[in-house]
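Hello,

Here is the structure I promised to pass on. Please have a look at it, and below you will find my notes on what turned up.

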Amino acid sequence: VQLQASGGGLVQPGGSLRLSCAASGSISILGVGTMNWYRQAPGKQREMVATITSGSSTNYADSVKGRFTISRDNAKKTMYLQMNSLKPEDTAVYYCNGLVQALGLGWRDYWGQGTLVTVSS
């Protein structure tokens, strides 16, 4: 089982990006639980950005409230992060994380490989 993050890139301040995180694997995925986006800026600790439960309840870091929106498509086993009004301080590697139930493995916590978001003019 793996989480594949994508969608990062270079964007100007005030711009938008949409990140995706897809769960996949060579064995059957039976369920996807609470999913999270984290980010880590250079020289800083990793911080939680947004969380979405299996029932689509959401929670956000204060620094991104009103600008970022987390969502999920359970049928596609994919989570998204729509990022609007981006600021230079949003520059970081963004990681997806979440609980996945796979056949024969039960529920386990997985991390994606990270995708770089750079906000700069």
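Before the first contact, a definition: a charge sits over a ring if NZ of Lys or CZ of Arg is within 6 Å of the ring centre and within 35 degrees of the ring normal. The model is predicted, so local features need pLDDT of at least 70 and side-chain atom pairs count only at pLDDT 80 or more, while totals for chains, interfaces and linings use all residues. Residues are numbered from 1 along each chain as its sequence is written, and side-chain values use heavy atoms, with hydrogens and water left out.

Now to R46. Its charged end sits over the ring of Y95, 3.9 Å from the ring centre. R46 also lies over the face of W111, at 4.8 Å from the centre of that ring.

Rings of Phe, Tyr and Trp (its six-membered ring) pair if their centres lie within 6.5 Å; planes under 30 degrees apart count as stacked, over 60 as edge-to-face and the rest as tilted. Y38 and W111 have ring centres 5.0 Å apart and planes at 50°, so this pair is tilted. It links distant parts of the chain, with Y38 in strand 4 (residues 29–40) and W111 in strand 10 (residues 106–111), 73 residues apart. Strands here are DSSP runs (E, at least two residues), numbered from the N terminus.

How accessible are the two rings' residues? Buried means under 20% relative accessible area, exposed over 50%, partly exposed in between (1.4 Å probe, protein chains only). Y38 is partly exposed at 22%, and W111 is partly exposed at 40%.

The structure also holds one disulfide, meaning a pair of cysteine sulfur atoms within 2.5 Å. It joins C21 to C96, with an S to S distance of 2.2 Å. The torsion about the S-S bond is about 70°, so the disulfide is right-handed. C21 belongs to strand 3 (residues 17–24) and C96 to strand 9 (residues 92–102), 75 residues apart. C21 is buried at 1%, and C96 is buried at 0%.

Two strands pair if DSSP finds at least two bridges between them. Five bridges join strand 1 to strand 3, and Q4 stands opposite A22 in strand 3.

Enjoy looking through it!

Best wishes

Methods. Helices (H or I, at least four residues) and strands (E, at least two) are DSSP runs, numbered from the N terminus.
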